[in-house]
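Please keep the sequence and the model in view while reading.

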Amino acid sequence: MTEPRSITQEDIYFKARMISEGVRVQMRDAPPEPSAIEKDEIDIPNKLDLGDIDGILDLMRRSNMQRESNRFLGQTFILDGSGLLAPVYPNKHSRLDLVVEGDVGTISDGGEVLATGRFPPRKEWLKEKISNGMPITTVLPGMSAAIINIVFNLSCMNYNSNRGCRYCNLFANPVSKKIVKLPKETLAKYASYQAEALKIATDGGWRGTLAVSGGAFPPAQRGEYLERLDLVMSTIREAIDEETFARLRKVY
């Protein structure tokens, strides 16, 4: 029998602060990633072939491997004492420092330790791959135990023009910055990959919230907003049985 958790107002405030401010992630004694890629090995062309979604995804996957913070984007941190689950949002401008050693971490502000905690073991289904041979996380950016992001645009006009949200990690990569007007045919293929990955997650027992979003569209595509949203969601509904789909919460 587990002991009842004691959650204080300070615990809730601290979790809210992690969500609103994000954390600066620092690694201690981290083993090298087996698939790590040196920066000079990635050649991102000046102009992408926007009809080649597999090529775009491969560039995104390889580019994201270089960003240390991406290893924790979407992960959940279990706070000691209260047992609260707090999402990790990497933000290099935050006052909060998260120092990670193995599966444990310490969060401090200006050297003052505010909390300690641990990362839960990663689920086995996270190792699965979609039909193009890429990891499912390639098409489920920033996913966590509680949330899976379903996107219907692969870039953000606001971010690309330096008017984006304070610290957006979904489109803060050199590949998304080269995508302006994504063809609907390419989005349809991407949607099928998202549906595949989501089905793997739900077949593995995941039940959480679908956060449906997308970067800001360029003016020429804003009239297609609802059409593109429907394209993605319809593809997902076709891949997942109605009972499971109904049990997933949806947040727009």
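## A loop residue with positive phi

In this predicted model, Asn162 lies in the loop between α3 (157-160) and α4. Helices here are DSSP runs of H or I with at least four residues, strands are runs of E with at least two, and both are numbered from the N terminus. Asn162 has a positive phi of about 60°, although it is not a glycine. Most residues other than glycine have a negative phi. Asn162 counts as exposed because its relative accessible area is 74%; exposed means over 50%, buried means under 20%, and partly exposed lies in between (1.4 Å probe, protein chains only).

## Basis of the model

Residues are numbered from 1 along each chain as its sequence is written, and side-chain values use heavy atoms, with hydrogens and water left out. As the model is predicted, local features need pLDDT of at least 70 and side-chain atom pairs count only at pLDDT 80 or more, while totals for chains, interfaces and linings use all residues.

## The chain as a whole

The secondary structure of the protein chain comprises 6 helices and 9 strands. Of its 252 residues, 42% count as buried. A contact means heavy atoms within 4.5 Å. Among contacts between residues at least 6 apart in sequence, 73% join residues at least 24 apart.

## Nonpolar cores

In soluble globular proteins, nonpolar side chains tend to be buried together. A nonpolar core is a set of buried Ala, Val, Leu, Ile, Met, Phe, Trp, Tyr and Cys residues joined through side-chain atoms within 4.5 Å. Which members of the largest core touch the most other members? They are Ile148 and Ile150, in a core of 44 residues. At least two residues of this core come from each of α2 (53-65), β7 (147-151), α4 (184-203), β8 (209-213) and α5 (225-239). Helix α4 gives the most, with 9 residues.

Leaving aside neighbours within four places in sequence, Ile148 is in contact with Leu140, Met143, Leu198, Ala201, Trp206, Thr209, Leu210 and Ala211. There is also a second, separate core of 15 residues, which includes Phe14, Phe77, Leu79 and Leu98.

## Thr202 in helix α4

Thr202 is found in helix α4. Is this residue buried or exposed? Thr202 is buried because its relative accessible area is 5%. When residues up to four places away in sequence are not counted, Thr202 touches Arg207, Ile240, Thr244 and Leu248. Thr202 and Thr244 are 42 residues apart in sequence, and their C-alpha atoms are 7.6 Å apart in space.

## Aromatic rings

Rings of Phe, Tyr and Trp (its six-membered ring) pair if their centres lie within 6.5 Å; planes under 30 degrees apart count as stacked, over 60 as edge-to-face and the rest as tilted. This rule gives 4 aromatic pairs. In one of them, Phe217 and Tyr225 are edge-to-face, at 5.4 Å centre to centre and with 70° between the planes. Phe217 counts as buried because its relative accessibility is 3%, whereas Tyr225, at 28%, counts as partly exposed. Ring pairs link Phe152, Phe217 and Tyr225 into a cluster.

The charged end of Lys250 sits over the ring of Phe245, 4.1 Å from its centre; the rule requires NZ of Lys or CZ of Arg within 6 Å of the ring centre and within 35 degrees of the ring normal.

## Salt bridges

A salt bridge is a side-chain nitrogen of Lys or Arg within 4 Å of a carboxyl oxygen of Asp or Glu. The count by this rule is 10. Asp58 and Arg61 form one of them, with the closest N and O atoms 2.6 Å apart. Both residues lie in helix α2, 3 residues apart, which is about one turn of the helix. Asp58 is partly exposed at 25% relative accessibility, and Arg61 is partly exposed at 24%.

Further salt bridges join Lys127 to Glu124 (3.3 Å, N to O) and Glu242 to Arg237, whose closest N and O atoms are 2.8 Å apart. Lys127 and Glu124 are both exposed. Glu242 is partly exposed at 48% relative accessibility, as is Arg237 at 39%. A network of salt bridges links Arg17, Glu21, Arg95 and Asp109.
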